[in-house]
Amino acid sequence: MKGQTTLEFVIVLALSMIILVTLVDFTTTKISQFGREDGVALARQSLSDLRLAIDGSYAQGTGTIRQATITWPEGMDTTISPFSGNTLRVRAYETDIVEPVIPSVSGTLPLSPGSHRVKITVSDSSVSIGTILLSSNLPSVYLPLVRDSNRTVRITLTNLSSESASVSISNSWSPTVVTTSISPSSGTIYPNEMFSFDFLANANASALGNYGGEITITGTFSSGNETLTLPSNVEVFPSGGS
């Protein structure tokens, strides 16, 4: 009788283990399936957002330059060609995702998992896509100040690539009653890190009104150069103005 009880216990235990393993396998499969579905949905949304950015930029005309952020999931096919004439195409978890666009598109589109910023440039009848290696926290510089005073603004650059770059900054400025300077004017920016420089404006006692110039930032990477142009504007008010 004792031996029969032991045998029954072993059989029940074995059946319980089989059921447990089956449930674990089913749960793991479902979690993986949900992850794949979420990944495909993310890739689909990112490609749709890129399509809207491309068509919107093209509608603004030749010379338009715009930035867009795309995010890809794990499971992206990085070997696929994303551009074919007027069609965008990516593959996530073996699922092809296609979006038609108005202009013909060419260039480089990063397909590795994660977030990427790309630059959209419009020419006469087409659009080119390029990876952004360098970004600035300010698209332009505006400094209000009163006569016979000075003021400084700090500009921060971010290296969005996986390689270091040398940075050079030039300041194009012609007004004489308002002078400006850059410090430092060069340096090294490391992968995924930041580099800051100051733009200093000094207005003399006779300055009044609006004065403009341009800051040009060049990042030299092993894969090529990235150039940012920031319009600079200094507005001088009478003493006691705001």
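Q: How many bridges join strand 11 to strand 15, and how do these strands run?
A: Strands are DSSP runs (E, at least two residues), numbered from the N terminus, and two of them pair if DSSP finds at least two bridges between them. In this predicted model, 8 bridges join strand 11 (residues 165-173) to strand 15 (residues 209-221), and the two run antiparallel. Ser-168 stands opposite Thr-218 in strand 15. Residues are numbered from 1 along each chain as its sequence is written; local features need pLDDT of at least 70, side-chain atom pairs count only at pLDDT 80 or more, totals for chains, interfaces and linings use all residues, and side-chain values use heavy atoms, without hydrogens and water.

Q: In what order do the strands of the open sheet stand?
A: The open sheet has 5 strands in the order 9-16-15-11-13, with mixed pairing. Strand 9 (141-146) and strand 13 (186-189) are at the edges with a single partner strand each, so one side of each has no neighbour in the sheet.

Q: Which aromatic rings pair, and why is the pair called edge-to-face?
A: Rings of Phe, Tyr and Trp (its six-membered ring) pair if their centres lie within 6.5 Å; planes under 30 degrees apart are stacked, over 60 edge-to-face, and the rest tilted. The structure holds 1 aromatic pair. The ring centres of Trp-173 and Phe-199 are 6.4 Å apart and their planes stand at 65 degrees, so the pair is edge-to-face. Because Trp-173 lies in strand 11 and Phe-199 in strand 14 (residues 194-203), the pair ties together parts 26 residues apart in sequence.

Q: Is Phe-199 buried or exposed?
A: Buried means under 20% relative accessible area, exposed over 50%, and partly exposed in between (1.4 Å probe, protein chains only). Phe-199 has 0% relative accessibility and therefore counts as buried; Trp-173, at 17%, counts as buried too.

Key: Helix = DSSP H or I, 4+ residues; strand = E, 2+ residues; numbered from the N terminus.
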